[in-house]
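My entries follow in the order in which I looked.

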Amino acid sequence: MAPIVNSIEISRRPDDVFSYLTDPSHVPDWQESAVSARGDTPLTVGSRVVVTRRVGRTERTMTNEVTELDPPKSWSLRGIDGPVRGNVKGTVEPLADGERSRVTLELDFEGHGIGKLLVPLVVRRQAQAEMPRNMQKLKDRLESGA
């Protein structure tokens with residue numbers, strides 16, 4: 001299946017946006033399914049980020065590894081455990097001579113074991129519905145000074 005892709009423009013400089021997006025402690029502030037998140041800051045390639053998410057009626061903890069980091073332009077994470085493994089690629093593009101930013105997030109999933117059923121039936125649907133709301137919340141938080 002094709003990855004889920006969403007973009008939004010934010011009235012903040014790319015450095016500020018990138019810094020916020022790559023700080024694991026902020027994940028629950030703008031992603032509605034995230035219950036908690038922890039990881040090293042600042043992130044480096046090889047860093048691990050552990051996120052607990054509500055998936056359907058349960059909470060699942062997933063570990064992601066940073067596979068790419070090119071501040072303030074892009075980063076990638078790949079899921080390394082659990083039945084559902086998310087793979088994320090994020091980019092931050094400067095707009096208006098660097099006074100604004102365009103954030104694009106690309107999300108894909110791999111199912112392992114029971115996850116092969118969960119990905120198409122629950123996880124992708126939840127992510128597709130949630131992602132536009134998450135992007136708007138990200139924009140609202142950053143533009144209000146977070």
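**Ground rules.** I am working with a predicted model, in which local features need pLDDT of at least 70 and side-chain atom pairs count only at pLDDT 80 or more, while totals for chains, interfaces and linings use all residues. I number residues from 1 along each chain as its sequence is written, and side-chain values use heavy atoms, with hydrogens and water left out.

**Overall fold.** I looked up the secondary structure and found three helices and seven strands, where helices (H or I, at least four residues) and strands (E, at least two) are DSSP runs numbered from the N terminus. Along the sequence the order is β-α-α-β-β-β-β-β-β-α. The radius of gyration, taken over C-alpha atoms, is 15 Å, close to the 15 Å that the globule rule gives for 146 residues, so the chain is as compact as a globular protein of that length; the rule itself is 2.2 Å times the number of residues to the power 0.38.

**Strand pairing.** I count two strands as paired if DSSP finds at least two bridges between them. Strand β7 (residues 100–111) pairs with β1 (residues 4–10) in the antiparallel sense over seven bridges, and Ile4 has Leu107 as its bridge partner there. Strand β6 (residues 84–95) also pairs with β7 in the antiparallel sense, over 12 bridges, with Glu93 opposite Arg102. Four residues lie between the strands of the β6–β7 hairpin, in which Ala96 takes a positive phi near 50°.

**Cavity.** I searched the whole structure on a 1 Å grid over the protein atoms alone, taking as a cavity a set of points where a 1.4 Å probe fits but cannot get out, and as lining the residues with an atom within 4 Å of a point. One cavity of 30 Å³ or more turned up, and the largest cavity holds about 620 Å³, a volume being the space filled by probe spheres set on the points, which are joined across faces, edges and corners. It is lined by 32 residues, and the closest to its centre are Val27, Gln31, Arg53, Val88 and Leu107. Helix α3 (115–143) gives the largest share of this lining, six residues.

Terms used
1 Å grid on protein atoms, 1.4 Å probe; cavity = no way out; pocket = protein on both sides within 12 Å on 5 of 7 lines; lining within 4 Å.
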